[in-house]
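Here are some notes for you to read beside the model.

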Amino acid sequence: MSNASLCCLVRVWRQRWCCAMVLLMVALLSGCQHAPPVDARATRMSALKAMGFEETAQGMELNLSDNLLFDFNSDALKPMQRVELVRMGRQLVDLGIAAMRVEGHSDNVGTDEYNTRLSVRRAQAVSQALVESGFAENSLATVGFGAQKPIADNTKETGRAQNRRVTLIVSAI
């Protein structure tokens, strides 16, 4: 093989090797341009936990008794409570939460029938604020439990106040 042929062969081999390296680098770098797949469920779970939701057998549950207690014999939201619910509702909509159950509760003062109706009205008041935040009305199931599920002692006023609450439950995440 002559020197000219050998030089030509080396030149071709070098060009092919350079092309192969460029293609390899492009392939490797293009893989870096894509974000790793995100587990949407885990992201939502983490965000819900940051908002105060807790994992239960029913799904992710937020007991609003810490910041949303109703006055005795009332289903009216205070203006700041409504503002906070609308803000929270927008966060939930932004997370892609499509549906929720809104459970109303009451203390044990009054008849079971009256307390059940009152707890439904409380759940409806919270649902209305969530609709204002962007939830579809038919995506919110409201239910009233009356005094059936107390979280505090109904023999004391402080306990009865804690039982006049609403709970949000997200079952499909």
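1. Is Ser 119 buried or exposed? Ser 119 has 0% relative accessibility, so it counts as buried (buried is under 20% relative accessible area, exposed over 50%, partly exposed in between, with a 1.4 Å probe and protein chains only).

2. On the basis: this is a predicted model, in which local features need pLDDT of at least 70 and side-chain atom pairs pLDDT 80 or more, while totals for chains, interfaces and linings use all residues. Residues are numbered from 1 along each chain as its sequence is written, and side-chain values use heavy atoms, without hydrogens and water.

3. Ser 119 belongs to helix 4 (residues 112-132). Helices (H or I, at least four residues) and strands (E, at least two) are DSSP runs numbered from the N terminus. Beyond neighbours within four places in sequence, Ser 119 is in contact with residues including Gly 104, His 105 and Phe 145 (contact is heavy atoms within 4.5 Å). The Ser 119 side chain also lies 2.9 Å from the backbone nitrogen of Gly 146.

4. The protein has 5 helices and 5 strands. The strands make an open, mixed sheet in the order 1-2-5-3-4; two strands pair if DSSP finds at least two bridges between them. Strand 1 (54-56) and strand 4 (140-144) are at the edges with a single partner strand each, so one side of each has no neighbour in the sheet.

5. Strand 3 (residues 100-104) and strand 5 (residues 166-170) run antiparallel and are joined by 4 bridges. Val 102 is opposite Leu 168 of strand 5.

6. Of the 173 residues in the protein, 32% are buried.

Key:
A polar contact is a pair of N or O atoms within 3.5 Å; within protein, one must be able to donate a hydrogen and the other to accept it, and residues adjacent in sequence count only if both atoms are side-chain atoms.
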